[in-house]
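Let's take a walk through this fold together. Keep the viewer open and turn the model as you read.

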Amino acid sequence: MPQDAHDAVEAFARLACTTYNWIQRKYPERDKHLYWIVIKLKFGTDDSNAHAKFKFDFDYGMGGIQHILGMELGEGFSINGDDVEYESEKIENLRSWVGIAVERLKAQGASLNSAADAIVATVENNCPDAHVDAKVADEDGFYVTFRFR
């Protein structure tokens with residue numbers, strides 16, 4: 001998984017989308033609304049140690065995902081039942097990617113939720129079937145969930 005915040009969100013969205021597409025081809029009758037992606041990003045003390053926790057759940061036994069995708073997931077990944085999770089304390093450039101929007105909105109006294117729009121766009125560009133379910137941004141970071149169409 002890339003250490004750059006934008007690249008990590010992009011790579012995780014592609015992994016979730018690849019898995020989603022595989023399940024939809026194999027089981028087209030499955031209810032898409034059971035599937036979701038969660039992106040949590042928290043600013044670190046500097047721009048090299050943000051915290052990331054990404055998860056997707058497709059209500060499908062994910063124990064064979066490495067075989068399905070023909071790849072190893074790598075460091076930071078775990079599979080817990082139907083969930084594929086990635087967690088890292090070494091995500092870089094979160095503040096330089098979206099922190100400027102947070103600071104601008106904070107100075108204006110506006111809601112910080114629109115600062116998550118860059119994260120939303122990155123996921124939706126790499127997984128077109130995903131759409132925002134909820135997004136919350138504050139001075140500490142972001143929590144964005146996606147459902148499938």
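What follows starts with the strands, moves to a helix pair and ends in the core.

First, some housekeeping: this is a predicted model, so local features need pLDDT of at least 70 and side-chain atom pairs count only at pLDDT 80 or more, while totals for chains, interfaces and linings use all residues. Residues are numbered from 1 along each chain as its sequence is written, and side-chain values use heavy atoms, with hydrogens and water left out.

Start with strand β6, residues 141-148. Helices (H or I, at least four residues) and strands (E, at least two) are DSSP runs, numbered from the N terminus. How many of the residues of β6 are buried? It's 6 of the 8, so the strand is largely enclosed by the rest of the structure. Buried here means under 20% relative accessible area, exposed is over 50%, and partly exposed is in between (1.4 Å probe, protein chains only).

β6 pairs with β1 through 7 bridges, running antiparallel, and with β5 (residues 130-138) through 8 bridges, also antiparallel. Strands count as paired if DSSP finds at least two bridges between them. Look at T145 in β6: V38 stands opposite T145, and A134 stands opposite T145 too. A hairpin through 2 residues links β5 to β6.

Now back up to Y27, in the loop between α1 (5-26) and β1 (36-42). Y27 counts as partly exposed because its relative accessibility is 27%.

On to the helices. The axes of α1 and α4 (residues 117-126) come within 8 Å and cross at roughly 35°; axes are lines fitted to C-alpha atoms, for helices over the stretch in contact, and angles run from 0 to 180 degrees between N-to-C directions. On the α1 side, the contact (heavy atoms within 4.5 Å) uses H6, V9, E10, A13, R14 and C17, and α4 brings I119, T122, V123 and N126.

Finally, the largest nonpolar core has 44 residues, and I37, I39, L41, F54 and F142 have the most contacts inside it. Such a core is a set of buried Ala, Val, Leu, Ile, Met, Phe, Trp, Tyr and Cys residues joined through side-chain atoms within 4.5 Å. α1 gives the most to this core, with 10 residues. Leaving aside residues up to four places away in sequence, F142 touches residues including I39, L41, V98, I119 and V136.
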